[in-house]
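Please look over the following notes alongside the sequence and the coordinates.

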Amino acid sequence: MSLSSTAHNLVVLASEGAEQHSGNHDSLNPYLTGGGAFLILCLMLWVTTRLNRDR
């Protein structure tokens, strides 16, 4: 088996997998997930800066 035939087989396998599954869950909204993560990180930053009074 040559390198080019192996690469071709991997490309075919990857393209078949992409057609069957999109990889995303239907109920996940990327904007809501990213916004929620951003708010949580901002809250953690605020708490950290409020508790770090020695600087």
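The points below go from the overall fold to one helix and then to a patch on its surface.

1. The model is a predicted one, and the protein in it has two helices and zero strands. Of its 55 residues, 0% count as buried, while the accessible surface comes to about 5,500 Å², with 66% of that area belonging to carbon and sulfur atoms.

2. Helix α2 covers residues 30–51, and its 22 residues reach 32 Å from the first C-alpha to the last, which is close to the 32 Å expected at 1.5 Å a residue. At the start of α2, a side-chain oxygen of N29 comes to within 3.2 Å of the backbone nitrogen of Y31.

3. The number of buried residues among the 22 of α2 is zero, so this helix lies largely in the open.

4. A nonpolar patch on the surface is formed by L43, W46, V47 and L51, which together have about 450 Å² of accessible area. V47, a member of this patch, has its place in helix α2. With a relative accessible area of 34%, V47 is classed as partly exposed, because that class takes in values between the under 20% of buried residues and the over 50% of exposed ones.

Terms used
Residues are numbered from 1 along each chain as its sequence is written. This is a predicted model: local features need pLDDT of at least 70, side-chain atom pairs count only at pLDDT 80 or more; totals for chains, interfaces and linings use all residues. Side-chain values use heavy atoms; hydrogens and water are left out. Patches are made of residues with over 30% relative accessible area and no salt bridge: like charges are joined within 9 Å, nonpolar side chains (Val, Leu, Ile, Met, Phe, Trp, Tyr) within 5 Å. Accessible areas come from the Shrake-Rupley method with a 1.4 Å probe; for residues, only the protein chains shown count as cover. A salt bridge is a side-chain nitrogen of Lys or Arg within 4 Å of a carboxyl oxygen of Asp or Glu. Helices (H or I, at least four residues) and strands (E, at least two) are DSSP runs, numbered from the N terminus. Buried means under 20% relative accessible area, exposed over 50%, partly exposed in between (1.4 Å probe, protein chains only). The expected span of a helix is 1.5 Å times one less than its number of residues. A polar contact is a pair of N or O atoms within 3.5 Å; within protein, one must be able to donate a hydrogen and the other to accept it, and residues adjacent in sequence count only if both atoms are side-chain atoms.
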